[in-house]
Amino acid sequence: PEESERKLKEALGYNVQSNSSLKLRKDPQQSTLFTAVRVTQPSVETAGHFWVVSNEMGETFKIKDETRDLTNIQSCINSAISNDEAPPLSLEGITPGHVCLAKYKDIDGLQSYYRARIEEVHCDSNVLVYFVDYGNTEFVDGEDLRALPVGLTDVNMKAMECMLAELKPAPKYGEAWGEEVTNWVQIQIENQYCLLEIYSIVHGVLRVKVLKKHEGKEISLSDELISKGYAVCADESYLSKQNRGLRAIYSSHLQDISTSNACTLTSAVSSLSLNCDSKSSVFEGKEEKIFLRPYSPLLLKFMPLTRPLNYSSVHVEMSSVNSTALDLEPQSPRSRLMVASFAGLNSCESMVILRNTTLMPPIPGLLSLCLLLFCPVAELRVNNECTRYTGALIGLGYDEENGRAIYPDEDIELEFDVNFTQNDLITINMVRYLMDAALQEKDEISSHMLISIRKKLRKLIISLLEEGRAYKDPEPHQQLYRWNMVPKEDVLPPIAVELADEAGGLVFPLHCGIVLRPENCPEKLRNKLSELKNLQARLAAEESTPYTEVNRTCPLCLVPLKSLLNLELHMASTAHMYEERRLEKSSSSMVQDDEV
């Protein structure tokens, strides 16, 4: 049992080398550690990545060991330097991962020694060191490095690496935080005291939410970033969620622990001893690992979108940087989009070869938006209840005489993994209309008008990309790669536009919408289903042949019914009867709600 508890504490980030305990401000639903900290300067690398120094004074934390205070640590260092207890490091001792004393020159020109960890060693005797009590890195002369006094090897480091939890850059910045956002965050929190809400601890890095005081109120830095359009909400990684869950379970055993036995934050988040002999110390430098080949479980796998290549594998040429593209958000179920300037087949036609590729940013719904913005023709798909859009069939359309696809090999059956609304369709049609105007009338309109059109296009496209779209599970259509599946009475034609080129057509024809029913309104469905059953009964009474044309569509299943035989078989099918039962259940629940 003791060994199991030790391993659990180690996974949670608690210091297994100390017998002291931690007092938590508890939430009934979660384990969260709050503590006052100061964001060190200069330590804000990006808006979501920074270092803090714990301010563990006050009622929550009582510090018994005076050497844990930064001032006392510095006094010990100065005393060791003056008493020659910190000799210069030998050349053998200057290795990555070694903890020592390094000289730092402040803005006033004063030089002092501080605890540091060697990160990189260069041939010109320059050494990159990380100051473990302040969080910054500097290049120093190797001759200025000194051995760490023995009394300070077991003192936890004061600077802690932090990253903002449940947050990522807004789509307009791509995967990295923009310089504008980083500068704003620096002004807000750098060298100031804040309150940290620790979400989880993964590999010695704190995933946190920052609370800062403004006019006597606690304001969330994450909420401000979202409100200003700098960031959007994001799921945490699997390891982060796992650590949070384990901490919540383990913290239930810590409710009765006295405050007098509480330890410091730095010893609570991880085993932060500066003892160089500890193999598990997080102060160890990054180990150089040799990989036989570029493989990772996070390696992205791609597949073609067109129908004939659906089951073909995709190979990105090794000369491309995307040949080993990694998924930086493995916890996100969203797909990624890659485009290539060249796509070909190998000699066996079993593999697609890509060259000059670009991995598009992880913007929600980017694939769907790109296809609908620039495709020749699109026929939207809806769910069985016709209450929401679920996808679209992309291609060159179909022949109105026989209903067959014009070029079926290039058709793409698209399934939406985000919510797509009528407003989105209107915006996409506006973009296509303006692109047509710019392409077809460029010789007739003034340069001033053309610039105005381009600005309008940019504004509309950005509005589509910045729309916060929640993930939803894709809903496959029952009639894959089948055109003309929407009943004519449900088609919403776009506004008529007197715009045509010399050939009499549009480069980007506007998409037709579909009449969407309210989510909980089965009355129309029952009426249409009743009409279909009446038609079946009337034709049966007239003793019509099984091949009598019907040319209807089932309102529940959206299955085309060309003949009486198709109608009878479909009405008796298990799938249709299941949909009927669902319709009856939804109707009865609505009646109960009305009664209530």
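Which residues of α7 are buried? In this predicted model, in which local features need pLDDT of at least 70, side-chain atom pairs count only at pLDDT 80 or more, and totals for chains, interfaces and linings use all residues, residues are numbered from 1 along each chain as its sequence is written. Side-chain values use heavy atoms, with hydrogens and water left out.

The buried residues of α7 are L366, S368, L369, L371, L372 and L373. Buried here means under 20% relative accessible area, exposed means over 50%, and partly exposed lies in between (1.4 Å probe, protein chains only). These buried residues pack against the strands β17 (377–382), β18 (389–395) and β19 (412–415), and against the helices α8 and α9 (447–466). Helices (H or I, at least four residues) and strands (E, at least two) are DSSP runs, numbered from the N terminus.

The protein as a whole has 12 helices and 23 strands. It comprises 596 residues, of which 42% count as buried. Its accessible surface comes to about 34000 Å², with 51% belonging to carbon and sulfur atoms; areas come from the Shrake-Rupley method with a 1.4 Å probe, and for residues only the protein chains shown count as cover. Among contacts (heavy atoms within 4.5 Å) with a separation of 6 or more, 66% are between residues 24 or more positions apart.

Two packed helices are described by the angle between their axes and the distance between the axes. Axes are lines fitted to C-alpha atoms, for helices over the stretch in contact, and angles run from 0 to 180 degrees between N-to-C directions. Helix α7 (residues 366–374) packs with helix α8 (residues 422–440) at an angle of about 40°, the axes being 9 Å apart. The two helices are therefore oblique to each other; angles under 35 degrees count as roughly parallel, over 145 as roughly antiparallel, 65 to 115 as roughly perpendicular and the rest as oblique. The crossing of α7 and α8 is right-handed. A crossing is left-handed if the near helix is turned anticlockwise from the far one by less than a right angle, and right-handed if clockwise. On the α7 side, L369, L372, L373 and F374 make the contact, and on the α8 side I428, V431, R432 and M435. This contact has seven nonpolar, no polar and one charged residues, where Ala, Val, Leu, Ile, Met, Phe, Trp, Tyr, Cys and Pro count as nonpolar, Asp, Glu, Lys and Arg as charged, and the others, Gly among them, as polar.

Helix α8 also packs with α9, at an angle of about 155° and with the axes 10 Å apart. α8 and α9 are therefore roughly antiparallel to each other, and their crossing is left-handed. From α8, D424, T427, I428, M430, V431, L434, M435, A437 and A438 take part; they meet L450, I453, K456, L457, L460, I461, S463 and L464 of α9. The residues of this contact divide into 13 nonpolar, two polar and two charged.

P555, in the loop between β22 (549–553) and β23 (560–563), counts as buried at 8% relative accessibility. Beyond its neighbours within four places in sequence, P555 is in contact with N384, L525, K528, L529 and L532. E166 lies in the loop between β8 (159–164) and β9 (167–169) and has a positive phi of about 55° although it is not a glycine; at 29% relative accessibility, E166 counts as partly exposed. E543, in the loop between α10 (523–541) and β22, has a positive phi near 55° and counts as exposed at 70% relative accessibility.
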